[in-house]
Amino acid sequence: MKKPAPVQRTDWGGIGARAFVGFLFIVSGYSKAAYPPEAFAASLEGYRLFPDAWLMPIAMVVPWVELLSGAYLLAGFNIRRVAGVLLGLLSVFELTLMSVIARNIDLANCGCYGAYGPHFTPRQATVFDLALIVMAFYVYLYPRQPFSLDAWIEKGI
Amino acid sequence: MLATQKARRLLSGFLVAALCVSAVAWSRRSRAEAMTDSGLQSRAKGPAGAKVLLTEFSDFQCPSCRYARPIVEELLKQYDGKVRFVFRHYPLNQHSRARDAALAAECAARQGKFWAMHDLLFDKQDEWTNAPDLGAQFAGYAQTAGLDAGSFAACISRPDTMSAVDRDVREGDAWQVTSTPTLFVGHRRLAGARQIQLYGPGLIETLLK
């Protein structure tokens, strides 16, 4: 006799992590992309890491990468690939913040969340980013999730 | 089946991206009117009919604004007679005493002493930021600046003083100012002391041609 297939439990933790990381990147990207890039370029100056000529291009591109990746992750589109992109971004942010702390640069606000989000100091942002890295890594490892565009693309409604 | 999946993938990717682009485009539509000196004679320097208008949105409690001050002053010296500079209040929410400082400067402006108070507030930023009694500290600065003490004290809490500061903040919001200092050279935006130093002279030169 054929054994019944094991009942698959919904991974609510994974869905929560995907929604949280996705939403946060939407806020982060939108709050910068919705405003002229000069203000974000000015925050980047504080890191004393990039040549002047790079600041405006970074300030124009990064918010869009954050916004689109966040929206795709929240919608559950290409989950594994997008989680991988966000893991890369988060790792770069983490290293940048650590270099600020190591060089004793006094930044009152990391500028991570533009005009809308919380104003974190580099130390607070380092801890917060680490939590995001763990969540994004979990989503990367377990990308097959219900309530996602990927599920709809694969199976239909 | 595979063709259907490919079509769904393309459609989903496009729709999500289109939604993001539309949301940003809607936010970035300009709500600002033409940049003028708004008749702010008491907070302006340079000839009224100057070819180039410099408008700075600033916050007296912001360290970057203090760093930007000598850079802006150098620009005004370099282009003396050719540019008009207007100071606009933009006290940031994260600076708990910036709005009080803006009110003090506004009251000094009403006695024709805005620049004296402006200089004191930036020179002594650390002092009043940490002062236990802010009112007494500002009263002392008013005396140093040669203001009438009674009029100054009465002015601070008057509704029209507050509305003058609020009007500047509203106009800054309409111009999508999010950080200080933000200097507009004509309509071109520069954020932070370094951008003002690096790109300010070039933009002024371009507008003077």
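The legends below describe close-up views of a predicted two-chain model, taken chain by chain and then at the contact.

In this predicted model, local features need pLDDT of at least 70 and side-chain atom pairs count only at pLDDT 80 or more, while totals for chains, interfaces and linings use all residues. Residues are numbered from 1 along each chain as its sequence is written, and chains are lettered from A and ligands numbered from 1 in the order in which they are written.

**View 1. Chain A, a chain of helices without strands.** The secondary structure of chain A comes to six helices and zero strands, where helices (H or I, at least four residues) and strands (E, at least two) are DSSP runs numbered from the N terminus. Along its principal axes, the C-alpha trace of this chain spans about 70 × 30 × 25 Å. Of its 157 residues, 42% count as buried; a residue is buried if 20 or more other C-beta atoms lie within 10 Å of its own, exposed if 12 or fewer, and partly exposed in between, with C-beta atoms placed from the backbone. Among the contacts in chain A with a separation of 6 or more, 75% are accounted for by residues 24 or more positions apart, two residues being in contact if their C-beta atoms, placed from the backbone, lie within 7 Å.

**View 2. The largest nonpolar core and the surroundings of A136(A).** A nonpolar core is a set of buried Ala, Val, Leu, Ile, Met, Phe, Trp, Tyr and Cys residues joined through C-beta atoms within 7 Å. The largest such core has 64 residues, of which V21(A), A71(A), L73(A), L86(A) and A136(A) touch the most other members. Helix α3 of chain A, residues 52-75, gives the most to this core, with 10 residues. Apart from it lies another core, of 23 residues, which includes A105(B), C107(B), A109(B) and A145(B). When residues up to four places away in sequence are not counted, A136(A) touches V21(A), A83(A), L86(A), L87(A) and L90(A). In soluble globular proteins, nonpolar side chains tend to be buried together.

**View 3. Chain B, with helices and strands.** Chain B has nine helices and five strands. Its C-alpha atoms fill a box of roughly 85 × 45 × 30 Å, taken along the principal axes. The radius of gyration of chain B is 21 Å, whereas a compact globule of 209 residues would have one near 17 Å; this radius is taken over C-alpha atoms, and the globule rule is 2.2 Å times the number of residues to the power 0.38. Buried residues make up 36% of the 209 residues in chain B. Among its contacts between residues at least 6 apart in sequence, 76% join residues at least 24 apart.

**View 4. The open sheet of chain B and the helices that pack on it.** Five strands form an open sheet in the order β1-β3-β2-β4-β5 (chain B), with mixed pairing; two strands pair if DSSP finds at least two bridges between them. Because β1 (44-45) and β5 (188-191) of chain B stand at the edges with a single partner strand each, one side of each is left without a neighbour in the sheet. Helix α8 of chain B (residues 159-174) packs on the sheet, touching β2 (52-58) and β3 (83-89) of chain B, and its direction makes about 105° with that of β3(B). Helix α9 of chain B (residues 192-208) lies across β2, β3, β4 and β5 of chain B, running at about 160° to β5(B). For these angles, axes are lines fitted to C-alpha atoms, for helices over the stretch in contact, and angles run from 0 to 180 degrees between N-to-C directions.

**View 5. Strand β4(B) between its two partners.** Strand β4 of chain B (residues 182-185) pairs with β5(B) in the antiparallel sense over four bridges, and four bridges also join β2(B) to β4(B), which run antiparallel. V185(B) has R188(B) as its bridge partner in β5(B), and V185(B) is in turn the bridge partner of L54(B). L183(B) stands opposite L190(B) in β5(B). In the hairpin of β4(B) and β5(B), which has two residues between the strands, G186(B) takes a positive phi near 65°.

**View 6. The contact between the chains and helix α2(A).** The contact takes 23 residues from chain A and 24 residues from chain B. On the side of chain A that touches chain B, the elements giving two or more residues are α1 (12-33), α2 (38-45), α3 and α6 (149-155) of chain A, and the largest share, six residues, comes from α3(A). By class, this side of chain A has 18 nonpolar, one polar and four charged residues, where Ala, Val, Leu, Ile, Met, Phe, Trp, Tyr, Cys and Pro count as nonpolar, Asp, Glu, Lys and Arg as charged, and the others, Gly among them, as polar. Helix α2(A) is mostly covered, with eight of its eight residues buried, including F40(A), L44(A) and E45(A). The buried residues of α2(A) pack against α1 and α3 of chain A together with β5 and α9 of chain B.
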